[in-house]
Amino acid sequence: MPLLVTDYSWTQTDSTVYISVPLKGATVGKVDIMSTDEYIKVHYPPYLFEAFLFEPVDDARSTARVGNGAALISLQKKTNTLWEHLMLSTNDKETKKWIRERALLKYQEKLSSESKSNAEKKHAEKKYALETMMKLEQEERDSIQKMKDTEREKTSAELAAWQLRQKQKLEEEETQLKLQSQRENQSKVQVVTKQEKGCSGGGKVKPNPKSKGAENSKKNQAELPAPRNVGNIQVSFTPRVFPTALRESRVQEEEEWLQKQAEARRAVNADVEDLNDLKEEQRNPDWLKDKGDKCFATGDYLGAVNAYSLAIRLNRKIPALYSNRAACHLKLRNLHKAIEDSSQALDLLTPPVAANAAARVRAHVRRGSAFCQLQLYAEGLQDYQAALKIDPHSETLQADTQRIRDIIQGTAE
């Protein structure tokens, strides 16, 4: 049986009752307090304190606090009167049992109501968070669609302006041709008029039409230039001089690189079905690359990605498209895509020759930067070392490579 606590103390005012129950060394986690409007229980094994209150109290405004070796209970009275006693002065066990059972039932209902209220509150918070997330995602989609529409309108306006300039240029050329033709006709008319005036100057001699035609024929034959001499022109090209021995030169690799570049320019895939609605200028990878470069320069990285992606769909063999799109992905923090595009650019930049050295340096640096931002410093160091091997005199590459080495050493330590 539990040991009843009798060494408690209590005080009161007109509106509040204060009860202090000593905990006798019990920890806070082992103290169980139950409170209703007419019954209080403080249980900390093996001790038990229970009070059958003299009058009902306002349980909703009452508080209990455990600390400094005691449980401090503050009860708010329903009526502002002083109590004669803290507890009922009855010793009837049946009455106490009935009060205890009723208090326990009220306490269970209170706990059930609080649990239900907490569940409803949690559900409402979860619903609010979900609605907020859906709203943010919708706003993001609307923003992206707005950017796409703006970029499409901007591109269409630029294309229309370019077409208008081309049309005006053609009209100006046609006008100049017409003016030139009119001048030539006028000069011919003036020459004929002068000839007629010269023939009619004597006035007395009647010209012979046959002799006039013969004279004109002789004059035209005299004005014709002499035919050109037939012959062959010998063309000689300046030989390409390499500073190294022929066995160490890169003639074959450079010829292969030039041939690959020429093939890449001809390998335009203009027969894609979903690109049939594009205009002729928009199917030009070079035009799209220039468009992407302009977007990148103005900070429109998403528009640049769209332009480079469309150019890649038209021609998948131009390494500059992949390398430039990798730079855009770096700006947009799409690090895995940046690594993928840089690797594709390096695959196309073969064989390694002096003509593509700068492009290979850029691709290595962009892939290495993406690796480092993913905290894959060992892989990033390999790319920076490869770039430094191509351009060993770059102070920026030397400083960046040394910084990555310091990070790796600090991580290893």
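User: Which residue stands opposite Leu48 in E6?

Analyst: Leu4 stands opposite Leu48 in E6. Before going further, this is a predicted model, in which local features need pLDDT of at least 70 and side-chain atom pairs count only at pLDDT 80 or more, whereas totals for chains, interfaces and linings use all residues. Residues are numbered from 1 along each chain as its sequence is written, and side-chain values use heavy atoms, with hydrogens and water left out.

User: How do E1 and E6 run, and how many bridges join them?

Analyst: E1 and E6 run parallel and are joined by 2 bridges; two strands pair if DSSP finds at least two bridges between them. Strands (E, at least two residues) and helices (H or I, at least four) are DSSP runs, numbered from the N terminus.

User: What sheet are they in, and which strands are at the edges?

Analyst: They belong to an open sheet of 4 strands with mixed pairing, in the order E1-E6-E5-E4. The edge strands, each pairing on one side only, are E1 (3–4) and E4 (32–35).

User: And how do E7 and E8 pair?

Analyst: Strand E7 (residues 57–67) pairs with E8 in the antiparallel sense over 7 bridges, and Thr63 stands opposite Ser74 in E8. Their hairpin has 2 residues between the strands, and Asn68 takes a positive phi near 55° there.

User: Changing topic: which residues touch the most other members of the largest nonpolar core?

Analyst: Ile19, Ile40, Val42, Phe49, Leu53 and Leu75 do, in a core of 19 residues. A nonpolar core is a set of buried Ala, Val, Leu, Ile, Met, Phe, Trp, Tyr and Cys residues joined through side-chain atoms within 4.5 Å, where buried means under 20% relative accessible area, exposed over 50% and partly exposed in between, with a 1.4 Å probe and protein chains only. Strands E3 (16–22), E5 (39–44), E6 (47–52) and E8 (70–77) each supply at least two residues of this core. A second, separate core of 17 residues includes Val305, Leu310, Leu321 and Tyr322.

User: What is Ile19 in contact with?

Analyst: Leaving aside neighbours within four places in sequence, the contacts of Ile19 (heavy atoms within 4.5 Å) include Trp10, Ile40, Phe49, Leu75 and Leu86.

User: Where does Glu151 lie, and is Glu151 buried or exposed?

Analyst: Glu151 lies in helix H1 (residues 93–199) and is buried, because its relative accessible area is 12%. Beyond the neighbours within four places in sequence, Glu151 is in contact with Lys291, Cys295, Asp300 and Gly303.

User: How many disulfides does the structure hold?

Analyst: The structure holds 0 disulfides, a disulfide being a pair of cysteine sulfur atoms within 2.5 Å. Cys328 is in no disulfide, and the nearest cysteine sulfur, that of Cys295, is 8.7 Å away. Cys328 is buried, with a relative accessible area of 0%, and Cys372 is buried too, at 15%.

User: What span should H7 have, and how far apart are its end C-alpha atoms?

Analyst: At 1.5 Å a residue, the 14 residues of H7 (residues 335–348) should span 20 Å, and the end C-alpha atoms are 20 Å apart, which agrees; the expected span is 1.5 Å times one less than the number of residues. Among the buried residues of H7 are Leu335, Ile339, Asp341 and Leu348.

User: Last one: how many helices and strands does the protein chain have, and what share of the residues is buried?

Analyst: The protein chain has 10 helices and 8 strands, and buried residues make up 27% of its 413 residues.
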